[in-house]
Amino acid sequence: MEPFDPAELPELLKLYYRRLFPYAQYYRWLNYGGVTKNYFQHREFSFTLKDDIYIRYQSFSNQSELEKEMQKMNPYKIDIGAVYSHRPSQHNTVKLGAFQAQEKELVFDIDMTDYDDVRRCCSSADICSKCWTLMTMAIRIIDRALKEDFGFKHRLWVYSGRRGVHCWVCDESVRKLSSAVRSGIVEYLSLVKGGQDVKKKVHLSEKLHPFVRKSINIIRKYFEEYALVGQDILENKENWDKILALVPETPIHEELQRGFQRLHSSPQRWEYLRKVISTPQNMKNDKCGPWLEWEIMVHYCFPRLDINVSKGINHLLKSPFSVHPKTGRISVPIDFQKVDQFNPFTVPTISAICRELDVVSTNEKDKEEHEAESEIKHRVRDYKKTSLAPYVKVFEQFLENLDKSRKGELLKKSDLQKDF
């Protein structure tokens, strides 16, 4: 992907909002079929403008008004908030206490910086293909639970544009959930607990909850290649001491230290650890058992969720198709069917798609000069001429499924209301 120059951003955003942003699909999503009156009109949008000027409580009457405002304001970042009791743009005119957040998608925010204590390749905002596997595992684990354990159907996964992923759960019943229920869901999905000072953040026992067991089965598929080869978590004493800190202080500490020194690679040391903690003699010790292996796997690989983003109904989250001002990458939907192939480094940047559009426009202009006007009336939407097209298609498929589900519910209701 071609390099991005932040100095070009204002001009690129003008072109992006004028010709490439998929407004029709975006409005179709947030309007949810227009079934509920004022649903879109009562939605909060927040814009971050150049020089970090931050404007909250924006709201729009329709798609056209949203388009005009985005083209006028040229936001560096767009956040989506809750659906309120009144229009957010009029929140100052409403009686004190009457302006309330009523509905919002259940959202999850997974950020690579929260894994800094367990990844060795990068830190802070940096990512690479080695540590991106953490996001792949997170998506697989959380998506399986949302679908199978909770029965949520409409889950949109989105790349943040820099170092993480977001999930929007859009089922009608989910959008109405209270903060308390949201907290319960995110608590259920959280296994790694404790701040930077807490060494042992995972506590399991031999009796695993089905959610934990299924999550470990997903981790197991990635663990050797990601943790033992890519991150080389048992490479040297400094690193294996971090793992031994997760194992209770028993005689096996010394046994593992001696064994690790004899062996030459992370995979060999991991196999040795598994063998030692599973011997009948060590299993007699109630502090030792197969759950130690599971705890280490979960500690290094399990999703780390920002709980506050999920539990607060009025919490803002970056919008899909926003542009990340530091990387220039578009915040694109992720095709769950191809989640293992998703590569953040091939996500289109705003500079790339604007250049692609320039090339296409020049070619079309040449063509127009040689063809009659009438023959080129059927114009293709501009984003379809760029590398943004496949990502918009993923979004459209998600919207199709939402529509089908909504029509199914309406049919069910009308059948129930029929007087036989």
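A residue counts as buried under 20% relative accessible area, as exposed over 50%, and as partly exposed in between. In this predicted model, N38 has a relative accessible area of 30%, so it is partly exposed. You'll find N38 in the loop between α2 (23-31) and β1 (43-49). Its phi is near 65°, a positive value in a residue other than glycine.

D232 is another one to look up. It isn't a glycine, yet its phi is positive, at about 50°. D232 sits in the loop between α7 and α8 (237-244), and with 23% relative accessibility it counts as partly exposed.

## Where α7 meets α12

Now for a pair of helices. The axes of α7 (residues 210-230) and α12 (residues 290-301) come within 10 Å and cross at roughly 75°, which means α7 is roughly perpendicular to α12.

On the α7 side, the contact is made by I216, I219, R220, F223 and Y226. Their partners in α12 are E293, W294, M297, V298, Y300 and C301. Sorted by class, this contact has 9 nonpolar residues, 2 charged ones and no polar ones.

## Rings and charges

There are 30 aromatic pairs in the structure. Take F21 and Y26: their ring centres are 5.1 Å apart and their planes stand at 80°, so this pair is edge-to-face. Both of these residues are buried.

R56 lies over the face of Y57, 4.7 Å from the ring centre. Likewise, the charged end of R140 sits over the ring of F336, at 5.6 Å from its centre.

Terms used. Residues numbered from 1 in each chain as written. Predicted model: local features only at pLDDT ≥ 70, side-chain atom pairs only at ≥ 80, totals over all residues. Heavy atoms only, no water. Axes fitted to C-alpha atoms, helices over the stretch in contact; angles between N-to-C directions. Helix = DSSP H or I, 4+ residues; strand = E, 2+ residues; numbered from the N terminus. Parallel < 35°, antiparallel > 145°, perpendicular 65-115°, else oblique. Contact = heavy atoms within 4.5 Å. Nonpolar A, V, L, I, M, F, W, Y, C, P; charged D, E, K, R; others polar. Phe/Tyr/Trp six-rings, centres within 6.5 Å; stacked < 30°, edge-to-face > 60°. Buried < 20%, exposed > 50% of the residue type's maximum accessible area, 1.4 Å probe, protein only. Lys NZ or Arg CZ within 6 Å of the ring centre and 35° of its normal.
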